[in-house]
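Here is a briefing on the spaces in a protein model and on the ligand that goes with it. Please look at the structure first.

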Amino acid sequence: MTATRTPARHFAPLAIGAPEPYRALPVRLERMIHFVPPHNAKILAKLGDMIAKVDVILGNLEDAIPAGDKEAARQGFIKMAREYDYGQTGLWTRINCLNSPWGLDDILEVVPAAGNKLDVIMLPKVEGPWDIHYLDQLLAQLEAKHKIDKPILIHAILETAEGVKNVEAIAAASPRMHGMSLGPADLAASRGMKTTRVGGGHPDYAVLADPGSDANAPRAAYQQDLWHYTVGKMVDACLSYGLKPFYGPFGDFADLAACESQFRNAFLQGCLGAWSLHPTQIDIAKRVFSPDEKEVAFAKRILDAMPDGTGAVMIDGKMQDDATWKQAKVIVDLAKLVASKDPEKAAAYGL
Ligand code: GLV
Ligand code: MG
């Protein structure tokens, strides 16, 4: 059996003077994690507008930042953390991975300079609980040393075969865990999948319909979802430990319909948000990860019809019981959270 801390020790700070770990995650709306390259001065100049538009801003220090710009990106992130007020919008960074030449300095420079404004560190290429334990301990020491008053959370990217194998142990590794995102590009490479796309389907990953009476007639092929298994596995690991699951990047910025479909599949499977790498993806994520108005109206009818959540009733010919009451509550609770940030949605939901 693997040794784990006792429940009491699990929730004890890992350094004297570090803030108490959360027992439950703060309630935040995180429909999109919007990536910005912090070494780009033009983007930073327009950050005020972006902060008002999105649920989370993430300063990216890892992949997509050229090696020669890594330090500028790190300093740019510190500047953007200091210069702007983020209000209800989350401030995250994606650091370089732990075995890279930059990961340690990302942590050692960003946390002292911006730790009091930083909500979440996204840790890429997590392979097992040991990666989380390392960052957890180091963050506790830095929080204590630099008098950071609330714990900085860790969000793991699930993007290696070994990480997927260890996903439950990663979820269980620390009360500092916020959630996980599926990273389809690195995961495809790590697994030896034969796709060069960043997320989405593939025309060759399909099921062929049976032949009809005419053996020469063309047969329909139905594309399948390459990511279904991993998203399902991640959602189960996250939800069983009270963490939040997310879909990650969608690389084809021109194909808005395919992006929407990928996001929607993730939403229906349990994910709470996705990454936006391009401004057009912000609106898609807002639309997809805010519950549908008709679903909210129907869910409210279920809750109203079963005030104590027990028994069975019929609504429009459909059976409702304790389980559908819980499904309805998931949708209405999310709608309330969306309504608290978005007056248009509040009116549409009648909340
Ligand atoms: C994201 O980081 C990915 O590799 O897909
Ligand atoms: Mg990646």
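The notes below cover the ligand, the pocket and the cavity, in that order.

This is a predicted model, in which local features need pLDDT of at least 70, side-chain atom pairs count only at pLDDT 80 or more, and totals for chains, interfaces and linings use all residues. Residues are numbered from 1 along each chain as its sequence is written, chains are lettered from A and ligands numbered from 1 in the order in which they are written, and side-chain values use heavy atoms, with hydrogens and water left out.

**Ligand 1 and its shell**

- The shell around ligand 1 consists of Arg-94, Glu-159, Gly-183, Pro-184, Ala-185, Asp-186, Pro-249 and Trp-275, where a residue counts if one of its heavy atoms lies within 4 Å of the ligand.
- By class, this shell holds 4 nonpolar, 1 polar and 3 charged residues. Here Ala, Val, Leu, Ile, Met, Phe, Trp, Tyr, Cys and Pro count as nonpolar, Asp, Glu, Lys and Arg as charged, and the others, Gly among them, as polar.
- Helix α9 (residues 184-191) gives the most to the shell, with 3 residues; helices (H or I, at least four residues) and strands (E, at least two) are DSSP runs, numbered from the N terminus.

**Polar atoms and burial**

- An oxygen atom of ligand 1 lies 3.1 Å from an N or O atom in the side chain of Arg-94.
- Polar backbone atoms also face ligand oxygen atoms, at 3.1 Å for Pro-184 and at 2.8 Å for Asp-186.
- Taken alone, ligand 1 exposes 190 Å², of which the protein buries 93% (Shrake-Rupley method, 1.4 Å probe).

**The pocket**

- Ligand 1 sits in the second largest pocket, meaning that more than half of its atoms lie within 2 Å of the pocket's grid points.
- A pocket is an open set of points on a 1 Å grid over the protein atoms alone, with protein on both sides within 12 Å along at least five of seven lines; lining residues have an atom within 4 Å of a point.
- This pocket has a volume of about 630 Å³, the space filled by probe spheres set on the points.
- Its lining has 28 residues, and Phe-35, Val-36, Pro-37, Leu-277 and His-278 lie nearest its centre.
- α3 gives the most to this lining, with 4 residues.

**The cavity**

- The count comes to 1 cavity of 30 Å³ or more, a cavity being a set of points where a 1.4 Å probe fits but cannot get out.
- The largest cavity has a volume of about 120 Å³.
- Helix α6 (residues 129-145) gives the most to the lining of the largest cavity, with 3 residues.

Technical notes
A polar contact is a pair of N or O atoms within 3.5 Å; within protein, one must be able to donate a hydrogen and the other to accept it, and residues adjacent in sequence count only if both atoms are side-chain atoms.
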